[in-house]
Amino acid sequence: TGGPTDGNGSDDGNGSGNGDGNGDDTGNGDADVDANIGMIYAEAGLGDNSFNDAAQRGLLEADEDFNISFNEVEPDDTGEFSQFQRQFSESGDFDLISCIGFAQEDALAESAVDYPDQQYMIVDTVVEADNVANYVFKENEGSFLIGYLSALLSQTDLTIGSDDDERSTNPDESVVGFVGGVDAPLIRTFQAGFEAGVEYADGDVEVISSYTGSFNDPNAGREAALSMYDDGADIVYHASGGTGVGVFQAADDEGKFAIGVDSDQSLTEPDFAHVILASMVKLVETPVYESIQNTIEGSFEGGSVVELGLEDEGVACVYGDEIGDEISDDIKDDVDDVRQQIIDGEIDVPEEP
Amino acid sequence: MRENAEQNQDQELKKSLIDRFKSLSYVWQIIVGTIGVLALIGVVGLLFPASPAGDLARIIFRWSVFTQALRISAPIALAAIGGIFAEKSGVINIGLEGLLIISAFTAVLVTAMIGPAETVAFIPAIWIGFLAGVLAGVILSALFGIVCIEFKADQIIAGLAVWLIALGLAPFASTLYFGGRDTGSLGTTIGNWPIAIMLLSVLAAWVLLNHTTFGSYIRAAGENPKALDTAGVSVSRIRHAGVLLSGFFAGMGGASLSLSIGLFIGTGETMVEGRGFIAIVAYLFGNYNPVGAFGASLLFGGLDAIQIRLQQIGYGIPDTLVQTIPYIVVILVLAFVGRTRIPKAAGKHYETEE
Amino acid sequence: MSGLKKRGKDVLRWLVARSGFERAIISLASLVFAIFVGALIILVSGRFTTCSTAAFYLPFTSIGFCYDPIQIYLLLFNGALGSPFLLGEPGLLDPEWSIFNFRFGFTLKETTLLVFTGLSVAVAFRAGLFNIGTQGQLVVGALTTALTVIFVAPFVPEGTIGGLILVPLGIIAGAVGGGVYGAIPGALKAYADANEVITTIMLNFIAANIAFVLVSGVFRDPSSSVVATERIPEYARLPAVIFPAASDFAEIALIGGLLGIAGLYYLLEYTSIGYDIRTSGVQPEAAEYGGVNAKRTTVLAMTLSGALGGIGGAMWVLMETARWESSVPALGFDGITVSILAGNNPLGVLPAAFLFGVLKGGALEVAFQTDVPSDLVGVLRGLIILFVAMPEFFRMIGSHFVDLSEDEIPAQSGGEDNA
Amino acid sequence: MTPAVHLDGITKRFPGVVANDNVDLRVEEGSVHALLGENGAGKTTLMNVLYGLYQPTEGTVRVNGEPRSFASPSDAIDIGIGMIHQHFMLVDPMTIAENVVLGNEPRKYGGLLIDRERARKEVLELSDKYGFNVDPDARIEEVSVGVQQRVEILKALYRGAEILILDEPTAVLTPQEVEELFEVFDELTSQGKTIIFITHKLGEAMHAADDITILRNGKNVGSLDAKGVTREDLAQRMVGREVLMEPQVTPQEPGEVTLDVSHLHVEDTRGVEAVSDVSFSVRSGEIFGIAGVDGNGQSELVEAITGLTNPTDGDITYRGRQLESMTRRERIDSGIAYVPEDRHERGMVMPFNLVQNGILGSQHTSEFAPSGRINWETAGAHATEIIEEYDVRPPTAEATAESLSGGNQQKFIVGREFDRDPELVVATHPTRGVDIGAMEFIHERIQELRANGKAILLISSKLEEVQGLSDRLAVMHEGEFSGIVDPSSVTEEQIGLLMAGESISGGENAALREEDVA
Ligand SMILES: Nc1ncnc2c1ncn2[C@@H]1O[C@H](COP(=O)(O)OP(=O)(O)OP(=O)(O)O)[C@@H](O)[C@H]1O
Ligand SMILES: Nc1ncnc2c1ncn2[C@@H]1O[C@H](COP(=O)(O)OP(=O)(O)OP(=O)(O)O)[C@@H](O)[C@H]1O
Ligand SMILES: [Mg+2]
Ligand SMILES: [Mg+2]
């Protein structure tokens with residue numbers, strides 16, 4: 001499986017095959033490019049079918065549209081964030097350093113002070129510094145829609161699939177669930193939005209929430225979701241990274257439904273497309289692409305905070321690729337209405353549960 | 001006067017109950033204690049259904065919670081049984097965590113390589129993957145055995161090394177093959193088979209350890225290897241066998257863990273998340289008895305399952321605090337119930353004279 | 001046997017008899033072996049990925065590999081020191097290189113923290129206790145340090161004077177927090193006979209969870225999106241003086257670490273209490289016979305171990321993060337490997353911690369410069385420990401080259417010429 | 001007739017040591033052969049060669065005339081050789097039956113499972129055949145040392161042993177048990193078995209053996225017929241010079257009461273009462289001996305006095321002070337020296353060298369650690385002194401305790417404790433495992449202490465030792481004193497009866513008791 005595809009040792013020095021511009025020629029401040037980008041992913045790393053992959057899509061899009069070079073690193077634990085940030089910064093070769101994920105906040109708060117001339121962008125949190133462009137998502141807004149959608153669906157009779165693989169809601173009992181990963185402030189905003197959305201739809205719909213304590217434990221996610229389904233939940237929404245696959249598995253086992261997060265998980269987890277009604281997507285592509293564009297065009301705005309909510313299509317409720325069509329248009333229209341109300345400021349979405 | 005006498009009698013009764021409890025064997029103490037606590041919760045819960053005890057009782061006496069407890073406990077119990085064989089034979093294997101990691105990963109890798117939907121000789125790929133996971137556990141434990149028995153490595157240190165190697169190797173290999181530390185979903189699982197595998201393994205391990213010659217050699221190798229040696233049985237062979245069995249059972253545990261959900265996650269501490277260490281606690285807690293280790297694993301699984309439900313019925317306690325309950329229980333039990341008897345020669349090298 | 005050869009053999013035998021020397025040799029040899037096996041892994045894994053050009057060819061063959069192990073090791077080493085060598089032109093020292101660069105500072109910061117956790121594990125080991133709980137003790141120590149400094153700061157003058165009060169106070173608070181948390185498994189071991197391996201593993205989970213709950217529920221800095229306390233004031237931090245501030249490396253912390261090493265060595269080798277600790281470590285029955293209060297010594301050793309772990313946590317806060325945050329690095333677990341590599345000898349802790357510091361610092365450079373997954377360095381670390389664990393392996397190899405057997409003397413019966 | 005065993009020119013070298021040097025040994029079939037020698041003379045090594053545990057460096061092993069070479073004990077077992085080691089090789093938590101059949105289990109269900117029932121039955125039959133009287137279901141950790149030894153013999157017999165080797169079988173037995181063992185020997189030889197046993201004790205060799213071979217410095221210094229040989233001759237061959245056979249005691253008036261024990265009760269580690277209501281006192285300049293079979297409460301009694309365990313009831317007074325309130329360390333500092341029963345576990349720290357071991361117990365005293373810092377120079381000088389005075393070999397203070405032979409370890413411990421300048425010396429089996437020369441030396445030291453007015457509590461299972469040295473002698477049985485006697489006026493048989501828990505008639509016994517209480 002592999003090895004060098006070209007065995008004759010020509011020394012054009014362009015390293016690997018799984019990402020262009022990635023290899024030993026980077027990091028030396030190539031003068032022929034418009035921008036050199038340093039990319040530091042969140043802990044789960046590439047291949048997470050979610051957050052990091054979305055960020056990388058933004059980067060690759062920019063690579064197609066502009067003349068850039070880049071270097072990507074995937075830290076293994078949170079202690080490495082600061083070191084990579086500094087490593088990039090210290091070299092002085094990068095026009096922009098992109099920090100993906102709120103866990104980088106603390107490290108960046110210090111790095112930004114230590115390298116005042118370096119431009120940074122960070123996604124999912126705010127670092128107050130003149131050289132950092134901040135992009136935060138209004139996850140609570142997207143989650144509100146999801147909560148609203150779930151509550152409506154839980155009260156209707158939704159049956160999908162044939163005899164041997166039938167899944168359905170129970171309209172007599174209206175329960176929906178939320179599974180969080182680590183009990184952190186960011187994840188709580190998902191929970192807050194979701195619960196508010198359910199409440200807004202119908203105060204009688206019950207919400208069960210719990211946290212697994214980890215983003216990496218799908219087995220725990222499965223058990224958490226299973227007990228929710230066991231208690232009558234029709235739909236479980238998760239904001240728990242890798243743990244979430246367990247939620248889908250549980251939905252599959254129990255003939256129930258689930259809702260994905262970050263990316264359209266009915267596409268990124270095709271094996272579970274038959275249980276994923278919708279996903280709360282966060283378009284991480286957008287800030288990554290935008291910040292690169294700004295850097296090239298000289299319009300990088302340090303100290304700015306860009307809030308990406310429903311209005312800017314930073315977050316959205318997208319229906320499942322396979323079963324999304326089964327949701328009635330009435331419900332979809334209702335959801336659209338609510339979306340508009342949020343954008344218009346008619347609904348105030350809380351940030352804490 | 002009479003009251004006094006009654007009180008005395010009462011105290012006598014209490015004292016004799018406690019005495020009687022204390023005279024029970026360790027494993028029975030735990031069993032009796034657990035049943036006692038459950039019964040207490042049940043009774044209080046019945047009397048005061050609105051109290052937290054009522055909630056607790058409703059959670060505990062529920063079939064789905066029980067199956068959940070079984071499922072959570074399966075990988076732990078399997079690894080714990082593996083640990084018993086190694087340590088009973090005289091080799092302390094604290095690398096169980098590493099064995100779980102490597103087997104969990106290999107099981108997914110091989111299934112993915114074959115193609116999850118394929119079959120090989122009528123065996124579904126996922127079961128080939130399962131076997132491959134077990135094999136990976138056995139191979140890594142074989143390496144550990146050689147290092148410990150032939151090269152007389154310090155067992156604790158070598159065990160740590162096994163963990164660290166697996167912790168690096170699995171995500172490393174995953175990145176090479178799958179392009180990320182997480183493998184992504186296979187789209188197929190082995191369902192609830194791990195429960196059956198665990199129950200069978202408990203039974204098999206118990207018979208093997210207590211009713212076969214091999215079992216008595218294992219026990220002798222860990223208690224007094226010289227006795228075994230002078231009886232003409234090679235201590236190092238028995239110890240190798242014990243270590244390989246630890247890889248075998250832990251391998252089933254790891255493969256069960258990843259294949260019951262159909263993917264491997266290599267981020268952070270990997271999806272194994274300390275289950276190997278909990279397994280060590282489980283077998284120490286279960287006093288090296290496969291049935292005891294199973295009971296201890298079930299206790300952890302049960303506490304975990306209860307913990308999930310407690311969160312969900314919305315007790316105002318922070319979730320993280322609720323998740324801490326199992327660990328605190330272990331410490332309390334260790335402090336107040338008793339201790340386990342480590343095999344006398346465990347951790348010590350044995351040299352056949354010449 | 002020629003005189004010279006005999007003398008050589010004598011010297012060698014003497015050296016080998018000094019266990020410290022033997023340990024050092026074994027640790028070095030382990031390093032070499034691990035590097036070798038690691039290179040094989042790099043090569044093999046290089047066959048499993050695809051690349052357009054081979055980075056490395058097996059000598060005398062045309063078998064190419066995607067990854068070049070030599071380059072990776074050079075990067076590792078060079079990166080940890082802050083690139084003193086210009087890799088394109090081997091052996092050439094970069095004239096602009098200064099030892100006080102930030103990456104070497106990183107390496108030393110890591111080293112400093114590992115010195116404390118390594119000492120923590122070592123002291124427990126010497127008392128016969130396997131303290132897996134340094135991580136938890138570090139978490140608790142870091143929290144008590146951060147909270148103490150934050151709460152006391154408003155009551156002391158700002159600036160240098162405040163720093164002079166707050167820094168020692170923070171360190172003491174860390175030591176007390178870690179010490180108390182270490183005393184728990186010690187007391188459980190001494191008075192309830194609870195296996196310390198189990199209790200410390202459990203207490204690690206408990207420390208992480210409880211600290212998390214405390215901070216997220218009570219002491220959280222609301223402006224932060226992660227679970228963390230507020231920051232301690234700038235003047236209460238341990239500053240980098242010679243090294244770039246970016247490295248987060250406070251030279252004085254390393255000096256503190258060196259004092260810790262010397263102090264612990266002195267304590268163990270030259271004091272009565274150290275004698276008590278060591279005796280109860282190797283043979284508790286004999287210690288009891290010798291008048292050592294075994295229970296108290298157990299608690300004492302665990303407290304001391306916890307206090308050192310707690311100081312590690314204090315240093316982490318005062319030098320690196322300036323606050324407690326929920327993502328505490330695994331310094332306590334790394335301390336176990338450091339202590340083991342050091343043979344649980346305080347003097348060995350420094351080189352061992354430095355080695356792991358280099359591995360950590362250099363791993364970044366590898367990740368930065370190549371697309372070899374950084375988990376590889378984790379594998380390497382495991383391999384080093386594996387080889388350290390089997391001195392017998394090296395003795396076997398060694399005995400191929402030198403025959404160290406002593407000259408024969410006849411068996412001696414005891415006491416044949418007593419009058 | 002070809003001998004059952006013929007060791008022909010056996011030499012066995014270890015790195016740095018020649019343990020056996022060209023040894024010849026012939027053992028006739030159906031006979032009992034004693035192997036006699038000092039510590040480290042090479043007895044165990046020679047037998048290990050015969051048993052296949054060691055391969056001889058030179059020489060041939062012949063069994064029933066045929067030259068054999070054993071790769072491992074199982075080869076030796078296959079041709080009918082069984083060995084019972086000095087330290088029993090039994091698995092404590094297993095039953096007697098399990099231990100006996102270990103490695104040769106009867107099986108059922110096509111060899112899948114152990115046939116426990118058959119194992120029990122076969123062990124019981126074997127036990128009855130030789131009159132061993134053991135319970136196959138008892139666990140090893142529950143039975144006495146004597147029974148354990150019989151289990152070892154059963155193990156060998158179960159494997160079809162024709163030739164039995166026993167390494168110091170009597171060291172841990174009571175006189176009665178020793179007698180019983182020798183009866184077992186008779187029973188075995190009458191059924192055609194051959195027995196070789198190792199001993200330090202001349203009397204036993206003469207009494208139980210048909211032939212005696214003496215080793216010294218790894219060499220055979222004579223094989224003799226046991227009949228007609230004299231003790232003096234044997235001793236002289238063993239040691240290479242003449243030795244005094246009995247300790248010579250000079251009469252002396254005792255002084256003040258140093259230690260007073262009254263109505264003492266102590267429990268053992270399992271919580272069973274091991275010492276019940278024991279009272280006695282020891283005066284300065286007096287040796288108070290306690291005889292008894294191991295395991296009758298002596299250990300617990302001694303540990304209560306020395307501070308390693310707490311009594312449940314009763315008083316211990318030492319020079320007017322209540323001892324119970326004093327920690328072990330305070331007791332050491334107040335002048336109580338203690339030669340412990342278990343030198344491997346208690347008496348020395350095995351991985352430590354002799355310098356470090358020399359200050360065990362004094363690590364906090366101002367002599368060695370003024371202001372908490374240990375002065376290793378003083379400690380080194382101290383260790384060297386002990387080594388010289390007590391002839392510890394090898395005479396290097398840097399040697400670790402584990403590298404010393406048992407006898408030399410014992411000498412070092414005795415030296416360290418006696419040199420403490422104690423007021424009370426508690427010595428438990430002070431000469432166990434040491435050879436005659438060293439024994440004699442230690443006995444002299446004990447008498448010297450007595451002459452210097454120290455109080456000495458001497459516990460030993462060697463009757464001739466306690467009887468010979470003590471001014472007064474108590475006999476302990478099942479946690480109680482079955483009598484306190486004047487050792488010079490009772491016979492060994494009478495003491496043996498007391499040890500077995502019987503009472504002996506005679507007013508003198510009662511008189512002594514009264515005097516003691518007064
Ligand atoms: N495995 C070994 N390695 C090195 N030296 C050994 C070994 N076994 C015995 N020796 C040495 O060989 C010599 C003879 O020991 P051996 O055990 O045969 O003596 P012994 O006569 O049985 O003594 P004792 O009466 O103390 O049991 C001793 O000097 C001992 O130190
Ligand atoms: N591996 C070894 N290396 C060096 N010497 C050894 C070794 N094994 C045993 N010996 C030595 O062999 C001798 C005999 O050992 P043995 O096991 O008979 O016990 P012992 O120490 O003599 O005890 P006892 O006092 O009960 O006779 C001792 O001198 C011991 O130190
Ligand atoms: Mg011997
Ligand atoms: Mg001996």
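Mentor: A polar contact is a pair of N or O atoms within 3.5 Å. Keep that cut-off at hand, since the model is predicted and the contacts below are computed from it.

Trainee: Which backbone atoms come into it, and at what distances from an oxygen atom of ligand 2?

Mentor: A polar backbone atom of G406(D) is 2.9 Å from an oxygen atom of ligand 2. For L404(D), a polar backbone atom is 3.4 Å from an oxygen atom of the ligand. Both values are within 3.5 Å, so both pairs count. As for cover, ligand 2 taken alone exposes 610 Å², and the protein buries 47% of that.

Trainee: Which residues surround ligand 2, and how do they divide by class?

Mentor: Q86(D), R343(D), L404(D), S405(D), G406(D) and G433(D) surround it. By class that is one nonpolar, four polar and one charged.

Trainee: What surrounds ligand 1?

Mentor: The shell has 15 residues, and the closest are G40(D), G42(D), K43(D), T44(D) and T45(D). They divide into five nonpolar, seven polar and three charged.

Trainee: Which elements give two or more residues to the shell around ligand 1?

Mentor: They are β2 (17-27) and α1 (43-50) of chain D. α1(D) gives the most, with three residues.

Trainee: Why is S482(D) called buried?

Mentor: S482(D) has a relative accessible area of 18%. Buried means under 20%, so S482(D) is buried. S482(D) sits in strand β22 (residues 480-485) of chain D, and a polar atom of its side chain lies 2.9 Å from the backbone oxygen of L498(D).

Trainee: Why does S111(A) count as buried?

Mentor: The relative accessibility of S111(A) is 0%, and the limit is under 20%, so S111(A) is buried. S111(A) lies in helix α3 (residues 105-114) of chain A.

Trainee: What does S111(A) contact beyond its neighbours within four places in sequence?

Mentor: S82(A), Q85(A), R86(A) and Y120(A). With Q85(A) there is a side-chain to side-chain polar contact at 2.8 Å.

Trainee: Which residues have the most contacts inside the largest nonpolar core?

Mentor: They are L228(B), Y283(B), M202(C) and W324(C), in a core of 228 residues. Its largest share, 12 residues, comes from helix α7 (residues 155-178) of chain B. Another core, of 83 residues, lies apart from it, with A286(C), M326(D), L354(D) and A474(D) among its residues.

Note on methods:
Residues are numbered from 1 along each chain as its sequence is written. Chains are lettered from A and ligands numbered from 1 in the order in which they are written. This is a predicted model: local features need pLDDT of at least 70, side-chain atom pairs count only at pLDDT 80 or more; totals for chains, interfaces and linings use all residues. Side-chain values use heavy atoms; hydrogens and water are left out. A nonpolar core is a set of buried Ala, Val, Leu, Ile, Met, Phe, Trp, Tyr and Cys residues joined through side-chain atoms within 4.5 Å. Buried means under 20% relative accessible area, exposed over 50%, partly exposed in between (1.4 Å probe, protein chains only). Helices (H or I, at least four residues) and strands (E, at least two) are DSSP runs, numbered from the N terminus. A residue is near a molecule or strand if one of its heavy atoms lies within 4 Å of it. A polar contact is a pair of N or O atoms within 3.5 Å; within protein, one must be able to donate a hydrogen and the other to accept it, and residues adjacent in sequence count only if both atoms are side-chain atoms. Accessible areas come from the Shrake-Rupley method with a 1.4 Å probe; for residues, only the protein chains shown count as cover. Ala, Val, Leu, Ile, Met, Phe, Trp, Tyr, Cys and Pro count as nonpolar, Asp, Glu, Lys and Arg as charged, and the others, Gly among them, as polar. Contact means heavy atoms within 4.5 Å.
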